[in-house]
Amino acid sequence: MKFGAHMSTSGGVWRALERGLGIQCDVVQIFVKNNMQWFGKPYEPDALAKYANVLAGCSISSVFGHSGYLINLGAPDSENREKSLKSLIQEIGFATDLGLPFLVMHPGAHLDSGEKAGVSQMIKGLNEAFRATKGSPVRIALENTAGQGSCLGHEIRHLAEIFDGVDNPKRLAICLDTAHFFEAGYDIREPKGWDKAIGEVDDLIGIKQVVAFHLNDSKTDLGSRVDRHAGIGQGKIGREAFRHIVNDKRFAGLPGCLETPKSEDLHEDVENLAILRSLLA
């Protein structure tokens, strides 16, 4: 795997690349707009040019996006769901402008309408978003979740049902989060458990659909269904578990991105990246 972390775009989208380079990231994940607002302003041509120039002249091999946290296409029809759809369409446009290959997105929460209804709404929303952005190559990388509250995605079958239901599955991909796996009840601490989890992904969706990983330890216990990330080796998964994860030859070359707690000077990212690299065979 190639390692990196989620980076802030504060001060300009190109600043995320500069921050990543400053701590020797191979890959970087960004929000394409403020993640806690429905809508953002389009990038100015100057900002896009600066971003492109920095990217062309640096060693970062992959940059991808993560959708905003307000977006929930799995919800019943409502004003917020309509905003979610419009927000996602805008984010796909921003990702297209930046040349990002995909946006990672949680599959939403059904808000007590039931899993079947939530998956159906998710499929309906993605179909609408893809029709509205049919000229874009940007894919949506569905992320497995811890299953907190009424969130979908803690079972791989939820993601598979979305793949099977959309009109254009070529616009979809998968991002796998280690903390979410563990919190959802997949015991990935030993190679056997990791292989079982990945085998489920392969059987239901196809391993080739996996385009990225979120490498996070978990503050909460196996099957807790509570999403709390921890630094590598500082949680319930444990440092040694990441050895078989990062050395899985099936995912050689794919981005492995930290989403672990950190302070402004990013020293935690530096430490976590060093740990991950030390585990590589």
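Visitor: Where does proline 101 lie?

Guide: Proline 101 lies in the loop between H3 and E4, where helices (H or I, at least four residues) and strands (E, at least two) are DSSP runs, numbered from the N terminus. The model is predicted, so local features need pLDDT of at least 70 and side-chain atom pairs count only at pLDDT 80 or more, while totals for chains, interfaces and linings use all residues. Residues are numbered from 1 along each chain as its sequence is written, and side-chain values use heavy atoms, with hydrogens and water left out.

Visitor: Is proline 101 buried, exposed or partly exposed?

Guide: Buried means under 20% relative accessible area, exposed over 50%, and partly exposed in between (1.4 Å probe, protein chains only). With a relative accessible area of 39%, proline 101 is therefore partly exposed. Contact means heavy atoms within 4.5 Å, and, leaving aside neighbours within four places in sequence, proline 101 is in contact with Val63, Pro137, Val138 and Arg139.

Visitor: How should I read the packing of helix H3 and helix H4?

Guide: Two packed helices are described by the angle between their axes and the distance between the axes. Axes are lines fitted to C-alpha atoms, for helices over the stretch in contact, and angles run from 0 to 180 degrees between N-to-C directions. Here helix H3 (residues 79-98) and helix H4 (residues 115-132) pack at an angle of about 40°, and their axes are 10 Å apart. That angle makes H3 oblique to H4, since angles under 35 degrees count as roughly parallel, over 145 as roughly antiparallel, 65 to 115 as roughly perpendicular and the rest as oblique.

Visitor: Which residues of H3 and H4 make the contact?

Guide: On the side of H3 they are Arg81, Leu85, Leu88, Ile89 and Ile92, and on the side of H4 they are Gln121, Lys124, Gly125, Leu126, Glu128, Ala129 and Ala132. By class, the contact of H3 with H4 divides into seven nonpolar, two polar and three charged residues, where Ala, Val, Leu, Ile, Met, Phe, Trp, Tyr, Cys and Pro count as nonpolar, Asp, Glu, Lys and Arg as charged, and the others, Gly among them, as polar.

Visitor: At what angle do the axes of helix H1 and helix H2 cross?

Guide: The axes of helix H1 (residues 13-22) and helix H2 (residues 45-56) cross at roughly 20° and come within 8 Å, and H1 and H2 are therefore roughly parallel to each other. In this pair Val13, Trp14, Leu17 and Glu18 of H1 meet Ala47, Lys50, Tyr51, Val54 and Leu55 of H2. The contact of H1 with H2 has seven nonpolar, no polar and two charged residues.

Visitor: Which residues have the most contacts inside the largest nonpolar core?

Guide: In soluble globular proteins, nonpolar side chains tend to be buried together. A nonpolar core is a set of buried Ala, Val, Leu, Ile, Met, Phe, Trp, Tyr and Cys residues joined through side-chain atoms within 4.5 Å. The largest nonpolar core here has 76 residues, and those with the most contacts inside it are Leu126, Ile140, Leu142 and Phe181. Beyond its neighbours within four places in sequence, isoleucine 140 is in contact with residues including Leu88, Ile92, Leu126 and Phe130. A second, separate core of nine residues includes Val104, Ala173, Val211 and Ala212.

Visitor: Where is phenylalanine 181 found?

Guide: Phenylalanine 181 is found in helix H6 (residues 178-183), and at 0% relative accessibility it counts as buried. Not counting residues up to four places away in sequence, phenylalanine 181 touches a set of residues, among them Asn144, Ile156, Trp194 and Val201.

Visitor: What is the phi of glutamine 24?

Guide: Most residues other than glycine have a negative phi, and most peptide bonds are trans. Glutamine 24 has a phi near 65°, a positive value in a residue other than glycine. Glutamine 24 is found in the loop between H1 and strand E2 (27-31), and with a relative accessible area of 58% glutamine 24 is exposed. Leucine 111, which is not a glycine, has a positive phi of about 55°, and its place is in the loop between strand E4 (102-105) and H4.
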